[in-house]
Amino acid sequence: MKTSDGFSFNSEAEISFSTRSDTPAPAKYKYGAPLQTSDSFLRFPSPLMSSLCTDNNPAAFLVNQAVKCTRRINLEQCEKIEALGMAYYSSPKILRVPDLRTEAEIPVTVQSVLVQSLNKTLTRLEDTVRLNQILVEAGDVKICTNVVLEVKYSITYTDAGEVAQAGLALLLGTVSRAVVALEQKFEIYFIQQNTKPVPLSGNPGYVVGLPLAAGFRPQKGSGIIQTMNRFGQLTILRSLAEQDCFAVEGIRAPVLFGYDMQSGCKLRLPKAMTCQLAVRRVKSLLQGQGFPDYVAPFGNSQAQDVLDWVPVHFITQASHMKDSCQLPVALVIEVKWTKYGSLLNPQAKIVNVTASLLSSSFPETNSGNERTVLISTVVTFVDASAPAEAGFRARPTINAKLPFNFFFPFV
């Protein structure tokens with residue numbers, strides 16, 4: 001602090017601005033972060049430079065994995081190899097949040113144990129007690145039992161980035177002397193707490209009769225937003241016996257894959273209603289509360305894979321009449337799809353979606369005080385698959401030259 005003529009001021013070096021909050025950010029796991037345990041991290045054996053298992057590979061948060069790797073073992077040392085026993089995978093305790101070992105630790109719970117015999121038969125153990133690998137000798141034959149062949153982790157997490165539960169499923173088997181390299185399978189997947197799995201319309205291709213998956217993209221850089229009701233993502237006007245548009249307003253029918261559909265109703269407009277107001281009213285009836293901007297190419301497409309989704313092309317077709325106001329009377333949706341993948345098991349993939357809004361001139365009033373307009377919706381599915389052709393290689397060309405006297409003395 002410096003003073004001058006009765007005034008006090010701070011030097012520049014003494015001035016400090018507290019722009020950061022003293023409260024530390026809550027600890028949480030982030031995508032791809034290693035799952036920490038009480039002693040190090042949760043090991044997830046994987047093949048790296050070769051097919052051999054590398055045990056120092058950490059399991060990453062929210063990264064689902066399924067790998068296979070081989071392990072060269074000495075049968076006589078099988079009881080001493082930790083990676084062959086249940087304890088190696090069930091004993092770690094995962095930290096609920098990273099870097100806080102004083103917080104609660106989540107034990108790995110063994111949920112199921114299957115035992116595979118030498119003839120490949122499977123037996124489920126009722127008791128999930130920890131079993132150790134045992135070397136058994138019967139004369140000249142040596143086998144090692146209770147060897148881990150498959151490991152499946154299921155990690156439950158919260159929306160706050162904390163680990164809530166860890167489950168483990170194991171497949172144990174028997175290794176004989178004939179085995180030179182043991183193949184092991186490892187899998188880990190993550191499940192968010194208090195959520196239900198979303199039903200799919202196909203895996204991966206669409207299944208006939210299931211609804212189309214569709215949604216909106218509010219801004220660039222965001223994912224696709226979908227309603228939780230998968231039967232309400234892409235809908236059309238629903239026809240009722242009354243054929244009154246006001247009676248069916250808000251009642252929609254889902255667009256089902258492979259089903260050509262047509263619906264319609266009669267709309268009675270008061271004489272005093274202007275054309276512009278009628279246009280807005282008819283559009284809301286034809287398109288519903290929110291017509292989607294994108295349609296999923298496959299039945300199991302993820303909302304974050306925006307570039308894979310098919311945009312809906314909107315086309316407005318007016319009549320040739322030169323009226324100042326054109327009233328929409330029909331919505332025609334054309335869905336083009338193709339067969340994708342193997343000829344033995346083709347998958348249905350949507351490649352193009354067009355929504356055409358057909359308009360006509362504003363109708364005149366009838367003998368009464370109202371106008372009657374027939375509006376309709378049509379959905380058609382078009383198979384755009386190219387015909388499958390057998391791929392034969394080009395016939396070989398023979399470029400052989402014979403000596404001039406090859407057929408001597410016959411010619």
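This tour visits salt bridges in a predicted model, stop by stop. Side chains of opposite charge can pair when their charged atoms come close. The structure contains 6 salt bridges, and the selections below cover part of that set.

**First selection: glutamate 162 and arginine 96.** Display both side chains; they meet in a salt bridge with an N to O distance of 2.7 Å. Glutamate 162 sits in the loop between strand E10 (141-157) and strand E11 (163-176), while arginine 96 sits in the loop between strand E6 (93-95) and strand E7 (105-116), so the pair ties together parts that are 66 residues apart in sequence. Colouring by accessibility places glutamate 162 in the partly exposed class, at 22% relative accessibility.

**Next selection: lysine 185 and glutamate 150.** Here a salt bridge is formed, and its closest N and O atoms are 3.9 Å apart. Lysine 185 belongs to strand E12 (residues 181-192) and glutamate 150 to strand E10, so this contact ties together parts that are 35 residues apart in sequence. Lysine 185 is partly exposed, with a relative accessible area of 32%; glutamate 150 is likewise partly exposed, at 23%.

Begin with lysine 142 and glutamate 137, which form a salt bridge whose closest N and O atoms are 4.0 Å apart. Glutamate 137, at 52% relative accessibility, is exposed.

Note on methods
Residues are numbered from 1 along each chain as its sequence is written. This is a predicted model: local features need pLDDT of at least 70, side-chain atom pairs count only at pLDDT 80 or more; totals for chains, interfaces and linings use all residues. Side-chain values use heavy atoms; hydrogens and water are left out. Helices (H or I, at least four residues) and strands (E, at least two) are DSSP runs, numbered from the N terminus. Buried means under 20% relative accessible area, exposed over 50%, partly exposed in between (1.4 Å probe, protein chains only).
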